Amino acid sequence: MFACSCEGARRELISRGLRPEHRVLDIGSGIGNLAFGLLGYLHGGYDGIEIHPEAVAWCQRAITRRHPTFRFHRADLASRAYNPHGRMSASAYRFPFPDQSFDFIFLGSVFTHMPPDAVEHYLREISRLLAPGGVCVASYFLLNDETRAAADMGRSFMSFRVEHPTGLCRLHDAAVPEAAVALEETFVRRAHEQAGLNIRDVRRGRWWSGEPEDQDVLTVVPN
């Protein structure tokens, strides 16, 4: 979705309104790529949430010890693809932060691995966590008439030929649903509206024409 380098991620988020004094929540923080990119720039505070315990432990050793305002937390969520023994469903997870805790929330390739009910729940949590004037940037695989046709014709980087029972998304692999999920754009827009969020901008990715890392990006603000 974004440039792979730490500096590239930093530039992308600054271009979407990130300021040094912001409090940042990085959902799906991985091995700290965004955190590394923000070191030396962000002083408002950073919290990363990740389901992989090894990634969280590594970030705590490599980043938090030297930069204590950059904190990392484990969410033991069930995912057949990424955490099969997780204890909690993403559709029931409450982020461990008070209301309006963050000015900027980032989800890089998180909703691309989640079923519709979990996406709806996360959007409600994002609405709860965003401070007034806050911004959320998140990537998706958005299905509409154009992208659905591209997938059906085999032009997209990954095929999405498995219809989800809800009719709200397509899967790349029925055996491992979370491997890759393309969500119907009409559903995504409705879910944002119901969560009290306004989609300010949509940057259409080139995934559907064969680019492997260029997802659809939504910039979202509270209503």
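Student: Why is Arg71 called partly exposed?
Tutor: Its relative accessible area is 34%. Buried would need a value under 20% and exposed one over 50%, so Arg71 falls in between. Bear in mind that this is a predicted model.

Student: What makes Asp47 and Arg71 a salt bridge?
Tutor: The closest N and O atoms of the two side chains are 3.0 Å apart. The cut-off is 4 Å between a side-chain nitrogen of Lys or Arg and a carboxyl oxygen of Asp or Glu, so the pair qualifies. Asp47 belongs to strand β2 (residues 46-50) and Arg71 to strand β3 (residues 70-74), so this bridge ties together parts that are 24 residues apart in sequence.

Student: And is Asp47 buried or exposed?
Tutor: Asp47 is buried, because its relative accessible area of 6% is under the 20% limit.

Student: How do you know that Glu12 and Arg16 form a salt bridge?
Tutor: The same test works here: their closest N and O atoms are 2.7 Å apart, and the limit is 4 Å. Arg16 has a relative accessible area of 12%, so it counts as buried.

Student: How many salt bridges does that rule give?
Tutor: The count comes to 17. Some of them join up: Arg94, Asp99, Glu125 and Arg128 are linked in a network.

Student: What about Arg148 and Asp145, how far apart are they in helix α5?
Tutor: They sit 3 residues apart, about one turn of that helix (residues 145-152). Asp145 has 65% relative accessibility and counts as exposed, because that is over 50%.

Student: Which residues of helix α1 are buried?
Tutor: In α1 (residues 6-15) they are Gly8, Ala9, Arg10 and Leu13. Their cover includes α2, β4 (102-107) and β5 (130-140). Just after α1, Gly17 takes a positive phi of about 115°.

Student: How many aromatic pairs are there?
Tutor: The count is 9. In one of them, Tyr93 and Phe95 have ring centres 4.9 Å apart and planes at 75°, so the pair is edge-to-face: the centres lie within 6.5 Å and the angle is over 60 degrees. Both residues are buried.

Student: Finally, why does Phe36 count as partly exposed?
Tutor: Phe36 has 32% relative accessibility, and that lies between the 20% and 50% limits. The residue is in helix α2 (residues 33-38). With Ile31 and Trp58, Phe36 makes a nonpolar surface patch of about 280 Å². Patch members need over 30% relative accessible area, and Phe36 passes with its 32%.

How values were computed
Residues are numbered from 1 along each chain as its sequence is written. This is a predicted model: local features need pLDDT of at least 70, side-chain atom pairs count only at pLDDT 80 or more; totals for chains, interfaces and linings use all residues. Side-chain values use heavy atoms; hydrogens and water are left out. Patches are made of residues with over 30% relative accessible area and no salt bridge: like charges are joined within 9 Å, nonpolar side chains (Val, Leu, Ile, Met, Phe, Trp, Tyr) within 5 Å. Accessible areas come from the Shrake-Rupley method with a 1.4 Å probe; for residues, only the protein chains shown count as cover. Helices (H or I, at least four residues) and strands (E, at least two) are DSSP runs, numbered from the N terminus. Buried means under 20% relative accessible area, exposed over 50%, partly exposed in between (1.4 Å probe, protein chains only). Contact means heavy atoms within 4.5 Å. Rings of Phe, Tyr and Trp (its six-membered ring) pair if their centres lie within 6.5 Å; planes under 30 degrees apart count as stacked, over 60 as edge-to-face and the rest as tilted.
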